[in-house]
Structure formats: structure tokens, C-alpha cells
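I opened this notebook to record what I looked up in the structure. The entries follow the order in which I consulted it.

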Amino acid sequence: MFTATSAMRQHHLSPPSEENKAHDVIETRLWLEEHDWLYGLLRSEGNVSPTFRFPDLISASVSLIFTHQDAPWRIFRFLGTELVLRPPETPRRRESMWRHQYQLLLDLQRSPANRHPNPKFQLDQLTTACVALCRAEDGSGAGILRQARRNMAERSHRGRDAPPG
């Protein structure tokens, strides 16, 4: 009986389960050109202490674009002038992003700018636009890495993704 009580106490004091953490990231797809550029950033010498992974880098790209007042306009301009000219069969890679940034893109996807009579863009296209716009603004990716640090600090402050200890 003592063991059962100890196990229950330990359960309540333990960090969030892996299952709960899995709900904090959302699957998306990224067009190959932008994926390859982010992969280069992931493997770069500047991505150290900590080494950020794709969910962090994609989410940082989204956050950076949404720091601009005209973020929706920038995204839809890119989609309507550049991405639309690429072959629709362009390969995409499956990746993840943090829920907070996903919510920004979901709100944009549901906005009047993405409704009839305008063309309907999907999450992978919105995500790709954010990465492409960040790349156009700063090809080094240094801004994305700085934003990834800010995003991590904000998540930790909210009590999510805090290291156990």
C-alpha cells in the first residue's frame, strides 16, 4: 500500500507526460526548397546551445513574420505572386511546429482573405510562405535562431516545455 501511495505522489510531482507534450506540437508540411534551407540552418554553426530542431525553426519563422503589422498581406502576397507559380506537385516534407504558431496560421487560414472569391491556401503553403519570407529578409537565418530562443523562453515561462528538474 505504501508503494501505491508513493507512486501516486510521484505521478503528481512529475513533469508533463510525453503524451501531453505531443499535443503541444502540430504536424505541418514544408515545401522542399524551404525545408532544405531550414535544414542548412539546423546544421549550421550558429545553431548551438541549444541546438534547435525543426519545430523551433518553423515556429520561429512564423513568429518573426507575425511581428509585422502587415503579416497577412505579406504572406498572401508571397502566395499569390511566387508560390502559386511553382508546380503544385512540388514535394513537401512532413515536420512539426509549436501549437501557438500553428494557431496564428490557423486563424489566417480561416480569415476572409482565404475565402471565396480568393484562392484557398492550405497550412503547408502558409507555413512555407513564412519560412520563405524569413529567408528573403535574412538569408543567414540569424533572426530565426534569435526568435527560436525567445519562443523557447516564452514557452518555459508559460510552464510548457520546461526541462525536468
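A crossing is left-handed if the near helix is turned anticlockwise from the far one by less than a right angle, and right-handed if clockwise. Helices (H or I, at least four residues) and strands (E, at least two) are DSSP runs, numbered from the N terminus. On the H3 side I listed His35, Leu38, Tyr39, Leu41 and Leu42, and on the H4 side Phe54, Leu57, Ile58 and Ser61, as the residues that make the contact; contact means heavy atoms within 4.5 Å. Sorted by class, the H3 contact with H4 holds seven nonpolar residues, two polar ones and no charged ones. Here Ala, Val, Leu, Ile, Met, Phe, Trp, Tyr, Cys and Pro count as nonpolar, Asp, Glu, Lys and Arg as charged, and the others, Gly among them, as polar. I then read the geometry: H3 (residues 32-42) and H4 (residues 54-65) pack at about 115°, their axes 10 Å apart. Axes are lines fitted to C-alpha atoms, for helices over the stretch in contact, and angles run from 0 to 180 degrees between N-to-C directions.

Residues are numbered from 1 along each chain as its sequence is written, and side-chain values use heavy atoms, with hydrogens and water left out. The protein chain has an average pLDDT (the predictor's confidence in each residue, from 0 to 100) of 87, and 82% of the residues score at least 70. I marked residues 1-14, where pLDDT stays under 50 and the model has zero contacts beyond four places in sequence. Residues 160-165 also stay under 50, with seven such contacts. Where pLDDT is low, the predicted coordinates should not be read in detail.

Phi of Ser49 is positive, near 50°, in a residue other than glycine. Is Ser49 buried or exposed? Ser49 is exposed, at 65% relative accessible area. The cut-offs are under 20% for buried and over 50% for exposed, with partly exposed in between (1.4 Å probe, protein chains only). Beyond four places in sequence, Asn47 touches Leu41, Leu42, Phe52 and Leu145.

H6 (residues 99-109) and H7 (residues 123-137) have axes that come within 10 Å and cross at roughly 120°, and H6 passes H7 in a right-handed crossing. Tyr102, Leu105, Leu108 and Gln109 of H6 meet Leu123, Leu126, Thr127 and Cys130 of H7. Pro117 lies in the loop between H6 and H7, and the peptide bond from His116 to Pro117 is cis, with omega near 10°.

Which residues have the most contacts inside the largest nonpolar core? Leu38, Leu57, Ile75, Leu79, Leu126 and Ile144 do, in a core of 38 residues. H7 supplies the largest share, eight residues. A nonpolar core is a set of buried Ala, Val, Leu, Ile, Met, Phe, Trp, Tyr and Cys residues joined through side-chain atoms within 4.5 Å.

Notes. This is a predicted model: local features need pLDDT of at least 70, side-chain atom pairs count only at pLDDT 80 or more; totals for chains, interfaces and linings use all residues.
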